[in-house]
There are 6 protein chains.
Amino acid sequence: MRPSGRAGDELRTLEMTPGFAKHAEGSCLVKFGDTHVLVTATVEDSCPPWLRNTGKGWVTAEYGMLPRSTHGRMPREAAKGKQSGRTQEIQRLIGRALRAVVDLRKVGERQVRVDCDVIQADGGTRTASISGAYVALYQAFEWMLKQEMITEMPFTDSVSAISCGIYKGTPVLDLDYDEDSAAETDANFVLTGKGGIVEIQSTAEEEPFSEEEFLRMLRLARIGCDQITAAQKKVLG
Amino acid sequence: MRPSGRAGDELRTLEMTPGFAKHAEGSCLVKFGDTHVLVTATVEDSCPPWLRNTGKGWVTAEYGMLPRSTHGRMPREAAKGKQSGRTQEIQRLIGRALRAVVDLRKVGERQVRVDCDVIQADGGTRTASISGAYVALYQAFEWMLKQEMITEMPFTDSVSAISCGIYKGTPVLDLDYDEDSAAETDANFVLTGKGGIVEIQSTAEEEPFSEEEFLRMLRLARIGCDQITAAQKKVLG
Amino acid sequence: MRPSGRAGDELRTLEMTPGFAKHAEGSCLVKFGDTHVLVTATVEDSCPPWLRNTGKGWVTAEYGMLPRSTHGRMPREAAKGKQSGRTQEIQRLIGRALRAVVDLRKVGERQVRVDCDVIQADGGTRTASISGAYVALYQAFEWMLKQEMITEMPFTDSVSAISCGIYKGTPVLDLDYDEDSAAETDANFVLTGKGGIVEIQSTAEEEPFSEEEFLRMLRLARIGCDQITAAQKKVLG
Amino acid sequence: MRPSGRAGDELRTLEMTPGFAKHAEGSCLVKFGDTHVLVTATVEDSCPPWLRNTGKGWVTAEYGMLPRSTHGRMPREAAKGKQSGRTQEIQRLIGRALRAVVDLRKVGERQVRVDCDVIQADGGTRTASISGAYVALYQAFEWMLKQEMITEMPFTDSVSAISCGIYKGTPVLDLDYDEDSAAETDANFVLTGKGGIVEIQSTAEEEPFSEEEFLRMLRLARIGCDQITAAQKKVLG
Amino acid sequence: MRPSGRAGDELRTLEMTPGFAKHAEGSCLVKFGDTHVLVTATVEDSCPPWLRNTGKGWVTAEYGMLPRSTHGRMPREAAKGKQSGRTQEIQRLIGRALRAVVDLRKVGERQVRVDCDVIQADGGTRTASISGAYVALYQAFEWMLKQEMITEMPFTDSVSAISCGIYKGTPVLDLDYDEDSAAETDANFVLTGKGGIVEIQSTAEEEPFSEEEFLRMLRLARIGCDQITAAQKKVLG
Amino acid sequence: MRPSGRAGDELRTLEMTPGFAKHAEGSCLVKFGDTHVLVTATVEDSCPPWLRNTGKGWVTAEYGMLPRSTHGRMPREAAKGKQSGRTQEIQRLIGRALRAVVDLRKVGERQVRVDCDVIQADGGTRTASISGAYVALYQAFEWMLKQEMITEMPFTDSVSAISCGIYKGTPVLDLDYDEDSAAETDANFVLTGKGGIVEIQSTAEEEPFSEEEFLRMLRLARIGCDQITAAQKKVLG
């Protein structure tokens, strides 16, 4: 039995509110249960220096947590003067996940900067971020179409992400904080709408895990991402 | 006529939602129109080193803006590796404002850390922060009472804040971004529920201002803070 | 009775020595009693990026204290690797105060950088800095005239600053360190030679203050700034 | 055909020299072809603060590259004043990999700090680091045994790591720089001597990859790690 | 002929004003011609961690330049967020020079921190700093004697410093900025009152120099330091 | 008797391996006994901003130590976020030493960046670095000749460096760590192949030293540098 009372293959309540932010070209407030992330997408009319004169653009991401989004307060990274290794790992992951489904040539020499800020955390902030970031980026591309900065949507597929874990010996989907703290193994999967794998990160917290356990988690991830993909489609109309 | 269409002495729609954050000992989502600030209060069971063995506690504040809370995106301070002068000014102001209505001896050798994070900005983020911080701090003190960490509420008064400005020659209350950008003079007032003045910051943006103009702004501030005080009382029951 | 033995409306001995620094285009050693600040003004033949092609220039300020200018030694900010919030607040204030009396169009696309370094501190370093900075900036503009970089003085007025406080219930002018440490309220006023108000910063240290107390401090500030203005005129010939 | 001329399941020449460093309690110079990493293990007689009074110790890792270990020179991180996101990701990975095969209770309240410094880079520096770090840590534990700081070896298993990729559609083992730059998918596997999985990181560089491709890479990784495990056993006697 | 018109073995006008700073336990304003350095000595009642329980104390130094002490303005190190290599070199040199004539056991487990701040620079700031620092430190030790923190003066000798150079082929003493910029070789000598050598730093700016040239500079340095030593004795009474 | 058993004028075993690094334009692994430094030289096709349009190039150096190159582990500078004063002193010294024997006009508007990384330390890392850096830089210039970036070798002389000290009252050559820790005086000499002096740094660790002691150290340094110069010639063919 999971602490959350959910079935092993059951997602938390999923909510996505596109256009949540007044000023941004694209945005989405995404909720995986009590994990709430505000994602905004900002269109910048220049690309990073290494892409100049290539005709290609870039999509990048930044990630942050409000200090008291967590159970105990985490020191503010701006006050400490640097981003933690965890923060950098996550924002690099989000950027890679988005770029995997974008044809950067169709973006032109511009950059879209996606900010994922965790308002409240209860496990799975990186997977919620990626899933919501797709929606915010979609809106930003629509805005670029309207501005005639681009002539077609640059997406090659959609993208979503979900965590799985081995909890008391059983593979379960979409870990919340209580489950995550106690899981023996923790894995994050980034999948495309068509079922391609973009990224796998799987880590043994205590004991090494087996290939079979891994494959059962992958199977759960497919179930979860299919539902997230459906929700993304729905909110994007 | 103000760009917002409001009367000179009219506040924006004011909303305060105490207890907005799941994990914090106290919290408040405060909205001054389109300016939205999430305030959390964290109780720490130790005080800053300079207060050890004095029997006194401390209340301090930190302030941040989400990168795309503003019209254009502002670089993330955590990524730049330092907080701007403006950020530091504001968080020092919030801390002073709260401490002015708290008897620190009644807090004991503990610290309450108040985080004000701007989710969306449309002018007046520092005054919204102070007004909401009072509510979050009130909740945190109530939590301390329940935990029997303290035996009575440490407040000596309530506190709220509002901005005023001279806009096209006329003093107006509670500037939004469009008004603020065009105002000749910008002033922030921090007042107590009983009408005492805690802080005045008044700055000529272009032309120096006169004593009379200043006094008319102070009068407007009293009108605004009375309404905020009433709203604080209401949400705190 | 004030610790300094001064009357309530009495300034400390005021001394301003223009041209104190050998290398700078403008400079002033300003003394408010035992508070000594060396101000230099450096003319830079380029303006900040955001003013390019506007025809306008900029005046900015930096502030620092020698580590042992104070009663106890303060850690060197260069060694700590960052400027404190207080330092940043003060240097932003000095810059705003100077710009309020300068027509930036007449400066052209250049920048004057004013450095205020506290050699010895005994209260009122920010007001001494502003008062001396006007003199140093005046000299720098004279130098620019001689170099034919500008064709007329860009000042629209003069500017000076003074602190006031409520000390044991009585409003007093130009607080020294002993008075400042014990004052219930501390206010800084920046006024122009013609009597316009450029900036007011007034803070309750313990108890909130009343409107009447505030107005009595403002009245004292006018008395003090009139004398500083006269002294500025005298040393500038 | 691979640029290196190797068969798809062929490792580069593997060399491990334990005890390479004169001063360290444990060390290993590990070479995966032209990728050379010097690993040292330092025993510290105190543990991180969060483990005090738990009876448990810690194993942590740091990673760095000499500026000209790479094809073009990379700016020195010490001169830039911060470690890149990539560096932090890698050193966190190395630390997790080692801790997965150590019983931290048997280490006692001490810390072993493992430094992995890349002398020359040609792809696969993180997997070479992990594989060599096991050897250096083994030596450090032996040193602790001799010093009677511990009474038995704290390892629960051995650990090694290898990269795989999809190169021109074919899964290949142990990518060098030329192969890595051109691979469609890049994966790193951390496996124990007994075959347990400690960590999987698999990333699509351009196109998403399929489950089948992933499983073929995992199979190659098992072949590679078996050989590294054998080599570790041999050099450790 | 030297640009300054001085004879080859002629010092600039030397002035030392002990007790210049109101707050410090020891201080000295030292002038070598137009080079003016304010030195303060602060007594701290604790020693650095590595000396605890050794019975020994420490003397350390910090160095800084006011931004416009130089011909052109130098960026403020506090604003840049780090001290330059030159600054660190100089402050390490000053500390070593002072410790060479102090019996640290007689200081007890305390630290004296010497701050050397250049008010105006015209060459030779490090040698002026050392020469003035001896005077400030002497005063601080006298203050400690009065406070009965120590029972005898901890000095084993006095210390002073001077620069020499090869200017247009001729060795000259005490270079000012114009001479220093044009000198082929630049050397700094730190000597004790009894004639012992504490430190030599000699650098070829363009051409290597010969042993004979070096020895002629050393001879000049002895002449200069004898005069500085005499001046130190005189001002210390 | 020296701890190392060497005669007073005897160098440690000296080894220089040019071309040690696969990727760099020039490189040398230099060993002074157990002190091992890997030097690489990187040719950059642009010069520092202050040399643009002068026709001159630049040679600069950076220095680092692997954390466990030393007896005890030194914190990684990249992790601490800054280079120590000692590191900066040494890298400035290496740069000056190389530039003293290079005609920068012959380099053209380019920069050669020399990295000296200490793999293992046993005293004398800065002198080993300089001696090896000459070899690496020589190779880089040869590479530039082959690339027809330059038309003749820019060297005016060769350069090498060695440490000397007063150990138990006796001047000795090429101190290892044990000798260095116990020496009363420590000196570093940078000499050219033709015998010119480029830099002298001589420091009393406890007692001041005499002119005679200094001259005896200088004599030893000439003996040592002659041998290093011969070794450099030999390895460069």
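In strand 8 of chain B, B:Asp186 is the bridge partner of B:Gly165. The model is predicted; local features need pLDDT of at least 70, side-chain atom pairs count only at pLDDT 80 or more, and totals for chains, interfaces and linings use all residues. Residues are numbered from 1 along each chain as its sequence is written, chains are lettered from A and ligands numbered from 1 in the order in which they are written, and side-chain values use heavy atoms, with hydrogens and water left out.

Strand 6 (residues 159-167) of chain B runs antiparallel to strand 8 of chain B, and eight bridges pair them. Strands pair here if DSSP finds at least two bridges between them. Helices (H or I, at least four residues) and strands (E, at least two) are DSSP runs, numbered from the N terminus. Strand 8 of chain B also pairs with strand 9 (residues 197-204) of chain B, again in the antiparallel sense, over seven bridges. Within strand 9 of chain B, B:Ile197 is the bridge partner of B:Leu191. Strand 8 and strand 9 of chain B form a hairpin, with four residues between them. In the turn, B:Gly195 has a positive phi of about 100°.

Strand 8 (residues 185-192) of chain B is mostly covered, with eight of its eight residues buried. Buried means under 20% relative accessible area, exposed over 50%, and partly exposed in between (1.4 Å probe, protein chains only). B:Thr185, B:Ala187, B:Phe189 and B:Leu191 point one way from the strand. B:Asp186, B:Asn188, B:Val190 and B:Thr192 point the other way. The residues of both sets are all buried.

Eight strands form an open sheet in the order 7(B)-6(B)-8(B)-9(B)-9(C)-8(C)-6(C)-7(C), with antiparallel pairing. Strand 7 (170-173) of chain B and strand 7 (170-173) of chain C stand at the edges. Each has a single partner strand, so one side of each is left without a neighbour in the sheet. The twist averages 15° from one strand to the next. In chain C, strand 8 (residues 185-192) and strand 9 (residues 197-204) run antiparallel and are joined by seven bridges. C:Leu191 stands opposite C:Ile197 in strand 9 of chain C.

Two helices of chain B pack on this sheet. Helix 2 (residues 85-99) of chain B touches strand 6, strand 8 and strand 9 of chain B together with strand 9 of chain C. Contact means heavy atoms within 4.5 Å. The direction of helix 2 of chain B makes about 150° with that of strand 9 of chain B. Axes are lines fitted to C-alpha atoms, for helices over the stretch in contact, and angles run from 0 to 180 degrees between N-to-C directions. Helix 6 of chain B touches strand 6, strand 7, strand 8 and strand 9 of chain B together with strand 9 of chain C. Its direction makes about 145° with that of strand 6 of chain B.

B:Met217 lies in helix 6 (residues 211-236) of chain B. B:Met217 counts as buried because its relative accessibility is 0%. Not counting residues up to four places away in sequence, B:Met217 touches B:Cys164, B:Gly165, B:Ile166, B:Pro171, B:Thr185, B:Ala187, B:Phe189 and B:Ser202. B:Asp157 is 60 residues from B:Met217 in sequence and 23 Å away in space, C-alpha to C-alpha.

Chain E holds an open sheet of five strands, in the order 1-2-3-5-4, with mixed pairing. Strand 1 (14-18) and strand 4 (58-65) of chain E stand at the edges. Each has a single partner strand, so one side of each lacks a neighbour in the sheet. Strand 3 (residues 35-44) and strand 5 (residues 111-120) of chain E pair in the antiparallel sense over nine bridges. E:Val112 in strand 5 of chain E is the bridge partner of E:Val43. Helix 2 (residues 85-99) of chain E packs on the sheet and touches strand 4 and strand 5 of chain E. Its direction makes about 145° with that of strand 4 of chain E. Helix 6 (residues 211-236) of chain E lies across strand 1 and strand 2 (26-32) of chain E, at about 30° to strand 1 of chain E.

In chain F, helix 2 (residues 85-99) and helix 4 (residues 125-146) pack at an angle of about 40°, with their axes 10 Å apart. The two helices of chain F are therefore oblique to each other. Angles under 35 degrees count as roughly parallel, over 145 as roughly antiparallel, 65 to 115 as roughly perpendicular and the rest as oblique.

Chain C and chain D do not touch, and their nearest C-alpha atoms are 11 Å apart. Chain A and chain E do not touch either, with nearest C-alpha atoms 11 Å apart.
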